[in-house]
Structures are given as structure tokens and as C-alpha cells.
Amino acid sequence: MPLAKPNQELRRELKDLGFGLEQSADEVLRITKDCRDVEVAAVLKLIAKLYEDADRVAALADEVKAGVITRAKTE
């Protein structure tokens, strides 16, 4: 059964957010790849958090697709 339009939009938004988080993490990793400072450890923790959040957003998008999460109509 296909998703209702509001749920399709919600899933698309979640997928876009997740992709944006992954792109941000990739870019920060690329920028800091050659750094050797102590601060790199902190940056790597932030990158790991971005990837973790991207995975969570992707899981929410999968729940929307499965019908577990739905977007209510606004009045």
C-alpha cells in the first residue's frame, strides 16, 4: 500500500536530512584529514555524532515507510 502524500513528504524530508548530515560529516572529515592536533579527537567525536544522527534519521524514514510513524494533518 503506497504512503499517503503527507507521509511521503515526511519520509523525503527525513531522507534529505540524513543525507545532509552524512555530507556534512564527510566534508568535516575531509577538511581535518591531514590535521595532527589534539583537537582532531574532538572533531572525530563530532563526526561520529553526525553519522549517528544520520543513521537515526534514516531509521525514522524507514519507520515512516513501514507505517509506524505517520504525519498528522494540520488544521
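1. Of the 75 residues in the protein chain, 16% count as buried, where buried means under 20% relative accessible area, with a 1.4 Å probe and protein chains only. This is a predicted model, in which local features need pLDDT of at least 70 and side-chain atom pairs count only at pLDDT 80 or more, while totals for chains, interfaces and linings use all residues. Residues are numbered from 1 along each chain as its sequence is written, and side-chain values use heavy atoms, with hydrogens and water left out.

2. The protein chain holds 2 helices and 0 strands, assigned as DSSP runs (H or I, at least four residues, for helices; E, at least two, for strands). Its radius of gyration, taken over C-alpha atoms, is 16 Å, well over the 11 Å from the globule rule (2.2 Å times the number of residues to the power 0.38), so the chain is more spread out than a compact globule. Along the principal axes, the C-alpha atoms fill a box of roughly 50 × 25 × 15 Å.

3. Helix α1, residues 5-32, has 28 residues and reaches 41 Å from its first C-alpha to its last, close to the 40 Å expected at 1.5 Å a residue, the expected span being 1.5 Å times one less than the number of residues. The buried residues of α1 are Asn7, Leu10, Leu14, Gly18, Ala25 and Thr32, and they pack against α2 (39-66).

4. Among contacts in the protein chain with a separation of 6 or more, 77% are between residues 24 or more positions apart, a contact meaning heavy atoms within 4.5 Å.

Note on methods. Buried < 20%, exposed > 50% of the residue type's maximum accessible area, 1.4 Å probe, protein only.
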